[in-house]
Amino acid sequence: MMANNIVMGRSSSSSNGLFKSDTIGQRMISLIANLCFALFVIGVVVFTILAATYQPEDPFLQPSKSITAYLTSTSNATFTEDASVVRTGEDFIPKVQEVQVQQVETKPISIAEVKEEEVKASSENSICDTKTIDCSDHEVGTAMMKFALEKFQDIKYYGFGKPVQGSNESTCDMSWRFKPKVGRSDVLYKDYRRFSLQITDPKSCNYTVVGVGDWHSGKKARKRKHKKPAGFVPERLKPLTEMPAVGEVVNDSVPVVKSEGAFSKGKYLMYSRGGDYCKPMSQYLWSFLCALGEARYLNRTFVMELDVCLSGSNNPGYPNEEGKDFRFYFDFEHLKGSASVIDQAQFWMDWDKWQKQDGLNLNMVNDFKITPVQLKEDQSTLIWRKFEAAEPDNYWYRVCEGEMENVIQRPWDLIWKSRRLMEIVSAISTRMNWDFDSVHVVRGDKATNKDLWPNLDQDTSPDALLRKLRYRIDENRDVYIATNEMDTRFFEPLRSTYKLHFLDDFSDLWAENSEWYNETLALNNGKPVEFDGYMRIEVDTEVFFRGKRQIDTFGDLTKDCKDGAGTCSS
């Protein structure tokens, strides 16, 4: 009995211990499960709140790093109006091209290379004519290259064109491609100048450059050579010879379909004028790129309207202005060379000629909710999207919203700024020898609005500017001030310390008989083109970006937020 009791006691004690450990285990499992479920519920709640309240930032209002990140992302749908100058494709060079440029930028043309050319030239037998300079002579070219390299030392050279005869027997014109040594250098530039030469030693045929003209003075050397590059271009730099350069002759003529057969075999996409017309340039471009993206997705030629309405918000002091030309603001030569586009007026002429006899058909789409995916297999000659609903359903960019933002990618690489405007930027920078600092001073209405910008007026006063700039910019430096202050005499107190420059100091570059004036006159059927507010802001901004030191208003000169009190991101 005792043995049995002992056994039973042990058994009872053992079973109680097992029961307790089982209970503890079950409670632990239950506790962990409840904890995991609670975390899951909290996560769902947080995600729901974020999804309901999240507002993506406007890409056009962000600093350059943020814009770059945005434009290289896959998001396409968000849009917020902005009246400032928009960024375009050349601001964000594709990574492949960046690598290519970096490989050659490490070693642009040097004095040593030109001296090697000089040795080669001197070994050639030349017969000198002391009265006439033979611009095709190898020694003439090397003398001109050497002079340019020694005189203009704030730029990097990427190729010299073949010298051609200038205005008389002692002058030669020569072009070169370059980038500034310091500062922003997204694109190549081209300058062409007139050199005056003389022969210092008739026996040895030594040439000396005695003078060189101003920016773009050598007009006979401007024309681009589409064949194998002539002149001096080292082998490592030849990949850059086909890259577009600001300063080349612009060919933005309207493309023409070569034949009836070619037109009838084509597939086209057209957008009718919608609510985006006369909206700020940022919205116009956002919507236009949506249309180009759909055309690319559908593998169709985009039928575009060259007529642009400039919003009054982009041209301060003026109402909306119709009748502007796309080519005034953007590089149409680059667009038509990179994508399949045709002018709408030209398209309708061809359509009227061949539509009936060739049986060309049309699919009219009246709702932006009919997606590009639904139109992918459409075999109609022309898909014509109509935008006749009330705002905002008549905005082009609605086509790329929702699920379509992951289908239609905006082709930012197709839209570049007008090369004619960029030539003005190049000319202004060249006149300051690409050796200047820049300050962006925002005043205007913001300086008078104390509620949203309480410190801006005081922070951008002449005395405040002098105090802040003396620690950032050395005395006697050339300083370009990009500003919306209408009266530049406001900045007179700074002249005792700096050599000041403003946009209107260079007004001859767009005045009557300037290159820009004559070329836009021809583009506009003989009617003079106004250098409008958007063009002014664009040129002003681009010159600012080319300063060696760049001082901006918000962040550098004042603690006020760019978009008003309480809107600073950090």
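# Burial, contacts and salt bridges in a predicted model

Buried residues make up 48% of the 570 residues in the protein, and the model discussed here is a predicted one. The protein has 18 helices and 17 strands, and it exposes about 29,400 Å², of which carbon and sulfur atoms supply 53%. Among the contacts with a separation of 6 or more, 71% are accounted for by residues 24 or more positions apart.

Me: Why is Ser 429 called buried?

Reply: Buried means a relative accessible area under 20%. Ser 429 has 0% relative accessibility, so Ser 429 counts as buried. Ser 429 lies in helix α12, which covers residues 419-431, and the side chain of Ser 429 reaches the backbone oxygen of Val 425 at 3.0 Å.

Me: How do you know that the buried residues of helix α16 are on the same side of α16?

Reply: In α16, residues 515-523, the buried residues are Trp 516, Tyr 517, Thr 520 and Leu 523. They cover an arc of only 130° around the axis, and therefore they are on the same side of α16.

Me: Why does Thr 520 count as buried?

Reply: Thr 520 has a relative accessible area of 2%, which is under the 20% cut-off, so Thr 520 is buried. Thr 520 lies in helix α16, and, leaving aside neighbours within four places in sequence, Thr 520 is in contact with Arg 420, Lys 527 and Val 529.

Me: Why is Leu 35 called exposed?

Reply: Exposed means over 50%, and Leu 35 has a relative accessible area of 54%, so Leu 35 is exposed. Leu 35 is placed in helix α1, residues 2-53, and together with Leu 39 and Ile 42 forms a nonpolar patch on the surface with about 320 Å² of accessible area.

Me: What makes Ser 496 an exposed residue?

Reply: The relative accessible area of Ser 496 is 63%, which is over the 50% cut-off, and Ser 496 is therefore exposed. Ser 496 lies in the loop between β15 (478-483) and β16 (499-501), where the side chain of Ser 496 reaches the backbone oxygen of Pro 493 at 3.2 Å. The C-alpha atoms of Ser 496 and Asn 476, which are 20 residues apart along the chain, are separated by 8.5 Å.

Me: How do you know that Asp 393 and Arg 398 meet in a salt bridge?

Reply: The N to O distance between the side chains of Asp 393 and Arg 398 is 2.8 Å, which is within the 4 Å limit, so the pair is a salt bridge. The structure holds 39 salt bridges. Asp 393, at 34% relative accessibility, counts as partly exposed, whereas Arg 398, at 18%, counts as buried. Arg 398 also forms a salt bridge with Glu 401, with the closest N and O atoms 2.4 Å apart, and Glu 401 counts as partly exposed at 25% relative accessibility.

Me: What makes Arg 549 and Asp 437 a salt bridge, and which parts of the chain does the pair link?

Reply: The closest N and O atoms of Arg 549 and Asp 437 are 3.2 Å apart, within the 4 Å limit, and the pair therefore counts as a salt bridge. The pair links distant parts of the chain, with Arg 549 in the loop between α17 and β17 (550-551) and Asp 437 in strand β14 (residues 437-441), 112 residues apart. Arg 549 is partly exposed, with a relative accessible area of 33%, whereas Asp 437 is buried, with a relative accessible area of 0%. Salt bridges that share partners join Asp 154, Asp 435, Asp 437, Arg 477, Lys 548 and Arg 549 into one network.

Terms used: Residues are numbered from 1 along each chain as its sequence is written. This is a predicted model: local features need pLDDT of at least 70, side-chain atom pairs count only at pLDDT 80 or more; totals for chains, interfaces and linings use all residues. Side-chain values use heavy atoms; hydrogens and water are left out. Helices (H or I, at least four residues) and strands (E, at least two) are DSSP runs, numbered from the N terminus. Buried means under 20% relative accessible area, exposed over 50%, partly exposed in between (1.4 Å probe, protein chains only). A polar contact is a pair of N or O atoms within 3.5 Å; within protein, one must be able to donate a hydrogen and the other to accept it, and residues adjacent in sequence count only if both atoms are side-chain atoms. The arc is that of the directions from the helix axis to the C-beta atoms. Patches are made of residues with over 30% relative accessible area and no salt bridge: like charges are joined within 9 Å, nonpolar side chains (Val, Leu, Ile, Met, Phe, Trp, Tyr) within 5 Å. Accessible areas come from the Shrake-Rupley method with a 1.4 Å probe; for residues, only the protein chains shown count as cover. Contact means heavy atoms within 4.5 Å.
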